[in-house]
Amino acid sequence: MDDLLSEFLTETNENLSVLDVELVRLEQNPNNPELLSNIFRLVHTIKGTCGFLGLPRLEKVAHASENVLGKFRDGELTINPEAVSLILQALDAIKGLLAVLEATEAEPPGDDLPLIERLNACAEGKLAAASAAPPPPPPPPEPVAPAVAAADADRVSLEELEAAWNAAPGPSGTALTPVAAESAPADDPAQDLVVPEPETAPAAAPSRMPVPAAAQANGGGDDVRDQPKESAVAAQTIRVNVDLLENLMTMVSELVLTRNQLLQILRSQKESEFAAPLQRLNHVTSELQEGVMKTRMQPIGNAWAKLPRLVRDLAHELGKKIDLQMLGADTELDRQVLELIKDPLTHMVRNSADHGLETPAERLKAGKSETGRVTLNAYHEGGHIIIEIQDDGKGLAIDKIKAKALQNGITTEAELAAMSDQQIIQFIMKPGFSTATKVTSVSGRGVGMDVVKTNIEKIGGTVEIKSQQGRGSTFVIKIPLTLAIVSALIVECAGERFAIPQISVVELVRAAADSEHTIERLKGTPVLRLRNRLLPLVSLQELLRLEDEEGKTKTDDETFIVVTQVGTYTFGIMVDRVFDTEEIVVKPVAPILRHIEMFSGNTILGDGSVIMILDPNGIASATGEMAMGSEAVTKEAMAVQASRNEDKMALLLFRAGAGAPKAVPLSLVARLEDVDLTAVEMSNGLPVVQYRGKLMPLVPIDPAFILGNEGRQPVLVFADGDRSMGLIVDEIVDIVEEKLVVQLTAERPGLMGSAIIAGKATEVIDAGFFLTQAYKDWFGSSSDAFEEEKTQRVLLVDDSPFFRNLLTPLLSVAGYDVTAVENATDALALCEAGETFDVIVSDIEMPGMSGFDFAQAIRRGSRWQDVPLVALSSHATPRDLDRGRQAGFTDYVAKFDRDALLYTLQQTLSEQKGAA
Amino acid sequence: MSPNAKVPAKKTRGEEVVSGGNQDYVTMTIADQLFGIPVLQVQDVLGHQKITRIPLAPPEVAGSLNLRGRIVTAIDVRLRLNLPGRLRNKPGMSIVVDLRGELYSLMVDSVGEVLSLSNDDFERNPATLDPRWREVSTGIYRLNGQLMVVLDVPRLLNFTTMEAA
């Protein structure tokens with residue numbers, strides 16, 4: 001059976017059993033809004049899932065029931081037994097359909113019109129007439145379904161459980177027996193071993209092996225039809241109560257502690273007959289521990305598995321193009337946490353796709369690509385798991401939220417006026433809040449963000465919303481590592497031990513009077529020189545206001561520094577001692593201690609003592625360095641700086657003729673060859689060699705240079721497309737990486753100027769000049785250098801490294817400050833990053849975003865919309881010129897016409913200046 | 001005595017304490033004063049335990065300890081009751097209680113026997129009682145020769161009101 005379908009069946013059956021119970025309760029307490037909204041959500045979920053799986057018949061019934069429940073919720077209908085039994089009938093009908101679906105993997109043909117009509121009538125308040133003659137509902141497959149604590153159940157691979165089971169020694173002899181005995185047979189399997197098909201009554205089979213238990217459970221059910229299929233499914237997974245797992249986990253921890261104690265005793269005894277069995281116990285315990293741990297952890301990707309399909313179907317249904325990206329799918333999460341965030345996540349992705357993204361037409365109009373993007377990203381950060389759901393849609397409509405908030409009476413006009421956009425956005429987390437004007441079958445009923453928020457807060461997480469009008473919105477879910485297992489460094493300070501999550505520890509430094517690192521103080525503030533940088537230090541003792549140990553005076557004699565990184569902020573935590581790392585299970589601190597920011601939890605160490613886990617985020621913010629805004633700014637500044645630093649280029653140093661060593665950007669050079677001079681022929685008065693089946697002209701740097709007749713000569717091969725040219729040199733010296741700053745412009749043709757390279761004055765040759773020597777038409781004719789202003793910034797966008805490297809020196813020689821990027825996306829990123837340029841030179845044909853698209857993107861209201869834009873293309877027909885102008889290019893230059901380029905740049909910039 | 005104030009009516013893990021008849025209390029002494037906690041709220045009685053201090057915690061929080069794999073927060077009841085702290089060389093005892101799924105260990109001087117007390121001997125807190133004591137106590141039992149203060153565990157562990165004070 002399709003995974004999706006079988007999961008749907010399991011889930012829906014569970015939901016239905018819950019609904020049965022809840023509806024009856026609702027009948028008894030008609031005024032319980034919590035109960036009602038829970039029922040509404042469950043039915044909504046069933047409807048939604050049916051819609052995605054393409055089960056129209058089920059969906060219709062669920063939809064009609066939801067309508068009635070919606071009226072209940074809004075107070076338009078009063079809850080009465082007739083209405084409730086009608087809904088129960090609808091649920092029975094759903095169960096009937098599910099049973100067929102399970103057997104045949106398809107919905108039965110036909111429809112449920114009578115039932116739906118009655119539901120609709122009920123929704124319109126005309127129940128009395130309809131209920132007089134209730135048509136027989138489809139026969140429910142099973143009369144009673146055992147109430148399953150579905151929300152609390154967890155799914156574990158049978159293999160893992162069995163492995164854990166087998167690792168536990170048999171019931172006689174060892175100290176382990178109580179653990180094994182308590183953990184399984186003591187519990188009635190009828191309660192805990194729930195087969196994914198809840199309708200089959202599990203037989204109480206106190207068996208040692210889960211598999212037969214599951215199989216027997218199935219056999220015990222009446223529904224024989226499903227048996228073969230279900231037992232196949234049951235063989236894969238069983239549901240185990242989380243409490244049971246939790247219990248197992250605790251037991252295993254105890255076992256580990258006991259094992260450690262035993263080993264300790266063993267070590268103090270030289271010869272012992274216990275040695276061998278204890279070794280065995282040791283191994284078994286480790287494996288058991290690992291197995292039980294594994295049962296709890298699951299990559300978040302499992303929760304995402306349904307999403308691609310969901311998004312695809314959604315895209316079809318809504319007529320949108322949606323690209324779903326999922327990053328960090330292997331981030332491990334505790335199962336319980338995972339179960340709890342699964343639905344919120346699905347909901348949020350659905351929301352992003354439905355409300356967030358625009359239709360292709362709207363997107364094009366807004367100047368975005370047709371395909372909208374929804375990105376899911378999960379990662380660990382400073383003891384938390386962060387999940388981001390990002391879309392590049394229209395962002396949240398502040399005005400609509402305001403209007404809706406007023407309409408719902410959540411707030412007043414005056415309050416709204418005083419609120420920031422950020423605060424207004426938070427309204428979407430309020431119950432019954434949906435700004436979608438149209439109620440689609442997908443969303444818009446106002447079941448949503450409030451549920452998401454409640455579910456996430458239940459596990460101690462937070463949801464943060466960021467939205468930018470027209471640019472999309474981002475939801476950031478932050479879940480503490482509660483229950484998750486982390487590796488932690490154990491440190492000691494003032495006699496107390498603490499754990500620091502290993503994930504935020506960068507390195508450890510020992511600082512002592514006799515070591516190369518010493519702590520220095522700036523007006524009492526400790527700092528450390530670490531690899532030519534000052535590292536701010538935080539004294540854990542002062543931070544936690546720990547008293548000195550008795551009889552010990554505090555000295556700086558020997559201190560250990562835990563270099564910690566939070567975001568981009570790196571700092572050192574000073575501690576007295578460092579122990580080893582330990583795998584710990586993070587447990588939340590007691591509620592009365594939650595306000596202490598410094599701790600993210602606590603745990604029990606191997607030796608049985610309780611230890612607090614430090615929260616690097618909390619420490620960073622407590623030390624005052626961490627205003628979010630400033631962090632973002634520095635990050636950006638760093639990125640900009642980094643992009644500048646990347647201007648360094650590899651240069652090939654060589655000697656040719658007399659004078660200084662010469663250099664040429666290495667990237668221009670296609671190959672280095674050693675040409676056998678006897679192979680050189682003359683053609684058209686120029687020396688050529690046959691090179692890779694073609695004639696390659698050889699050009700000397702010094703025109704007076706005369707090629708010898710024999711021996712070998714190093715040659716730099718320049719190539720572009722199918723043309724290549726060999727530059728004859730005397731000796732290849734070195735390859736260095738430096739920022740090319742041409743300081744003296746040369747008067748001689750063929751030289752770009754002089755620069756300091758590798759500490760020596762070096763002549764930078766103008767490869768372009770020699771290219772034209774070989775092929776007159778390589779660029780068009782060469783020309784003299786000309787005068788220009790030195791301060792203009794040029795952004796060069798070209799996908800060909802050849803031209804980038806050719807034009808960068810050319811333009812810098814011409815006095816421009818050149819930044820070269822290889823595609824339009826990078827260029828737009830620079831725009832976002834706040835860079836400014838006086839003129840942009842862009843290639844037209846580029847992979848990804850073409851020059852035309854790039855021009856359009858810039859002209860459409862970006863920060864650069866007034867920056868002149870010069871197109872650079874190998875095609876320069878009048879039609880191209882036209883198209884270029886239409887796209888927003890200021891001017892159009894043929895790619896090989898560098899004089900024209902320089903001239904155009906000059907013209908464009910002076911025009912710009914004149915206009916300004 | 002008001003007829004309504006007969007019983008410290010409280011909910012303990014879903015079970016309502018039945019009104020009328022006798023109530024069972026675990027007794028303890030702190031600074032020679034007898035205190036009592038309804039027996040159903042008590043999970044465990046511990047001897048002296050190794051406690052991990054928690055920096056920056058409220059002073060009443062003595063630290064945390066490991067009780068069979070569960071982390072229990074230890075509360076120094078003396079400090080909570082505005083009494084001077086316990087002497088270091090005098091190991092005390094602890095009563096472990098459960099509040100909304102979290103375990104707390106109440107550190108006292110000593111734990112006594114379980115007393116079954118008649119509701120007729122129960123009385124509300126005298127109006128002149130120390131405000132802090134009045135806050136955490138539901139009432140007083142008149143015993144032979146001494147008085148027993150009934151501690152209200154949720155209020156005893158409610159630190160927010162205390163911080164405001």
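**Exercise 1.** In what order do the five strands of the open sheet in chain B stand?

*Solution.* The model is predicted; local features need pLDDT of at least 70, side-chain atom pairs count only at pLDDT 80 or more, and totals for chains, interfaces and linings use all residues. Residues are numbered from 1 along each chain as its sequence is written, chains are lettered from A and ligands numbered from 1 in the order in which they are written, and side-chain values use heavy atoms, without hydrogens and water.

Step 1. Strands are DSSP runs of E with at least two residues, numbered from the N terminus, and two strands pair if DSSP finds at least two bridges between them.

Step 2. The order in chain B is 5-8-9-7-6, with mixed pairing. Strand 5 (42-46) and strand 6 (61-67) of chain B each have a single partner strand, so one side of each lacks a neighbour in the sheet.

**Exercise 2.** Determine the sense in which strand 7 and strand 9 of chain B pair.

*Solution.* Strand 7 (residues 70-76) and strand 9 (residues 102-108) of chain B pair in the parallel sense over four bridges. Opposite Thr73(B) stands Tyr104(B), in strand 9 of chain B.

**Exercise 3.** Is Asp44(B) buried or exposed?

*Solution.* Step 1. Asp44(B) belongs to strand 5 of chain B.

Step 2. Buried means under 20% relative accessible area, and exposed over 50% (1.4 Å probe, protein chains only). Asp44(B) has 18% and is therefore buried.

Step 3. Not counting residues up to four places away in sequence, Asp44(B) touches (heavy atoms within 4.5 Å) Leu67(B), Arg68(B), Ser94(B), Ile95(B) and Val96(B).
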